[in-house]
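Work through the exercises below with the model open. Try each task before reading its solution.

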Amino acid sequence: MLFLTILTTKLLAFLIKLFGLGSGGTWPGHVALRLYPNVLSDSGISPSLGTILVSGTNGKTTTTKMLCHVLRGKGLVVTTNASGANLTNGIASALLLGNSLFSKRRADYAVLEVDEFALPSVLTQMKVEGVVLLNLSRDQLDRYGETDLILERWEKSVNESDINCVVLDKSFKYFSEMRFTSGVQVVDTQDIPEGALPAELKERFHAKNIKAVLATLSFLGIPFEEAALLLADFQAAYGRGEVIGSGGINFHLFLAKNPASLAANLKVFEEKKNDFDAVLFILNDNIPDGRDVSWIYDVEPSLVLSACTGKEVYVSGVRGFDMAVRLDYAGVSFPQKNVSVSVPEIIEHIKNKSSVKNVAVFPNYSAMLDFRKMLVGRKIL
Amino acid sequence: MNKLSIGYLYKDELNLYGDNGNIEVLAARCLRRDIECEIVLINKGKLSAYDRLSGVNLLFMGGGPDSSQKSIYRDFLEEKEPFVRDYVASGKTGLFVCGSYQLMGDYYRSADGTELKGLGIFKAHTVHFGKNKPRCIGNVRARLNNQISSDSVFKSTDFLGEEVLGFENHGGRTYLDAGVKPFAHVTYGHGNNSEDATEGIVEGNCIGTYFHGPVLAKNPHLADYLIAKALDVNELPKLNDALTTASYTASKKLR
């Protein structure tokens with residue numbers, strides 16, 4: 001059964017790629033799960049050294065990417081999933097496509113980012129060595145119900161699995177209150193000494209994510225110093241610190257998908273504010289973003305005002321006007337012609353402004369994907 | 001002109017979906033008119049600790065996750081009840097959003113049948129049907145009830161019309177007692193219970209609503225109405241509302 005499922009998955013992935021049919025990250029896994037519902041529990045697809053899952057509201061993609069980077073740097077074969085394909089179907093796709101049909105050679109590790117809501121279901125289906133719980137905030141509450149409920153489900157599914165290790169940050173009260181069975185080793189990322197973090201990396205990424213990476217690798221037997229060395233040439237994931245050049249203008253992407261990530265990125269921006277002439281906010285309310293945009297008021301207004309002061313300010317996206325009103329109440333001033341729901345229109349508008357060369361873009365999730373597609377000409381997923 | 005004194009109940013616990021935005025909007029719209037505005041934070045604990053409560057003319061209470069609502073429940077019922085009851089009865093202005101709207105009612109019945117007593121100031125009760133009925137989530141629009149829309153204060157301050165826009169996200173469904181006025185009548189979305197097209201409640205000059213988060217950012221005309229009622233004036237100086245008007249117009253099309 002597994003052979004047939006892998007064959008089908010690979011064939012599908014090949015056809016999707018050949019004809020440019022879109023999401024090669026999720027469809028093969030979707031079909032595989034139909035064909036063989038228990039595929040995730042089949043030991044034939046599990047990597048030889050173990051599977052690590054990364055979940056939480058913010059930082060999943062970057063943390064997963066860092067873990068893979070170090071493990072691969074050590075010469076190990078690592079299977080991982082594409083950013084965004086982090087539901088059961090995306091995970092099935094990654095594991096099946098990472099498997100070879102005819103050789104016995106298996107991946108050493110699988111490092112997979114998992115959607116907060118999908119985590120309990122994934123944990124009950126497959127054998128997992130360790131799970132990294134980064135944080136949990138109010139992102140997409142309208143899709144998920146409330147955070148308390150998710151924490152309860154996480155705790156229960158970890159305790160019912162035969163997982164060996166949980167990495168989390170106990171400075172978050174909600175994590176410090178979680179109780180795990182005695183078989184689970186709990187690693188508190190607060191115990192990672194500041195000095196272990198590579199200074200150059202700390203400038204570009206959130207310290208909490210780096211600490212989670214070091215804690216996990218240490219559990220896997222890789223000392224801090226070695227991990228830090230291997231992380232030296234780490235590059236950001238799409239939309240996180242990426243720079244896209246277009247029409248003589250550099251657009252720097254700062255993914256801002258919820259209050260925590262907007263606030264964190266506004267602070268990062270503040271540090272290098274002088275490099276920029278303009279800021280552009282793009283706010284959508286598509287399903288992956290969460291339909292409710294109320295969260296834009298959960299970010300300290302002084303932070304928003306300070307970032308915008310002295311810069312040209314542009315606003316766009318399906319809910320661009322909501323963001324524009326938010327900026328206005330925070331005390332930010334900008335001409336109303338700098339606001340349009342149409343992203344191409346705003347890009348044109350920016351390109352016509354000769355004084356603007358470097359733009360800091362704060363898009364939420366689907367806005368980031370759309371924006372990249374418009375400027376680069378292809379979708380990443 | 002009088003000063004606007006906003007009493008903000010349980011800011012630390014009940015601020016789930018950008019509820020702070022409402023305070024920001026009220027303060028900004030006062031500031032732009034040179035109307036003095038103060039915020040009195042009313043937290044957990046004895047009311048006697050507050051000396052500025054008597055000056056409060058706009059009382060606000062937001063929504064929160066279950067755990068936060070549980071954490072303020074005793075305090076709200078035991079410490080704040082007399083103040084809130086007198087406040088509403090005296091005809092002063094207030095806004096109670098989502099979870100606090102429910103707590104102001106008679107009771108909240110959970111899916112397992114247990115009843116949580118409310119303050120009983122709003123003549124309404126809330127029932128959670130568990131898995132039998134889905135959560136009421138999404139964009140919502142409603143037409144203000146005629147007590148508000150025909151109020152001379154609303155007529156003189158309004159610049160957008162009788163429709164109010166918002167986002168709702170509630171598992172409990174609220175039913176008003178017979179003869180009680182809703183805040184508005186649903187034109188799109190669920191409202192109180194997804195059955196009778198009512199949305200929220202009006203008791204004196206206090207409003208309970210499921211329009212959560214920054215409802216006043218989406219409805220600046222409602223913000224002005226509340227400010228004028230709180231200050232007991234018939235008119236307010238006009239502001240440049242080109243941007244908020246464009247935003248309101250764009251939001252009217254949302255599905």
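The model is predicted: local features need pLDDT of at least 70, side-chain atom pairs count only at pLDDT 80 or more, and totals for chains, interfaces and linings use all residues. Residues are numbered from 1 along each chain as its sequence is written, chains are lettered from A and ligands numbered from 1 in the order in which they are written, and side-chain values use heavy atoms, without hydrogens and water.

**Exercise 1. Trace the open sheet of 6 strands in chain A.**

Solution. 
- Step 1: Read the strand order, which is 2-3-1-4-5-6, with parallel pairing. Strands (E, at least two residues) and helices (H or I, at least four) are DSSP runs, numbered from the N terminus. Two strands pair if DSSP finds at least two bridges between them.
- Step 2: Find the edges. Strand 2 (78-80) and strand 6 (185-188) of chain A each pair on one side only.
- Step 3: Check one pair. Strand 5 (residues 165-168) of chain A joins strand 6 of chain A over 4 bridges, in the parallel sense. A:Val166 has A:Val186 as its bridge partner.
- Step 4: Contact means heavy atoms within 4.5 Å.

**Exercise 2. Locate the active site that UniProt lists in chain B.**

Solution. 
- Step 1: Take the residues from the record. The unreviewed entry lists B:Cys98 and B:His212. Such annotations may be inferred rather than shown by experiment.
- Step 2: Compare sequence and space. The two span 115 residues in sequence, yet no two of their C-alpha atoms are more than 6.0 Å apart, so they gather at one spot.
- Step 3: Place each one. B:Cys98 sits in the loop between strand 4 (93-97) and helix 3 (99-103) of chain B. B:His212 sits in the loop between strand 14 (205-209) and helix 6 (215-218) of chain B.

**Exercise 3. Are B:Cys98 and B:His212 buried or exposed, and what does B:His212 touch?**

Solution. 
- Step 1: Apply the cut-offs: buried is under 20% relative accessible area, exposed over 50%, partly exposed in between (1.4 Å probe, protein chains only). At 10%, B:Cys98 is buried. At 1%, B:His212 is buried too.
- Step 2: List contacts beyond four places in sequence. B:His212 meets A:Asp292, A:Ser294, B:Tyr17, B:Val97, B:Cys98, B:Phe167 and B:Asn169.
- Step 3: Look for a polar contact (N or O atoms within 3.5 Å; within protein, one able to donate a hydrogen and the other to accept it, and sequence-adjacent residues counting only if both atoms are side-chain atoms). The side chains of B:His212 and A:Asp292 form one of 2.7 Å.
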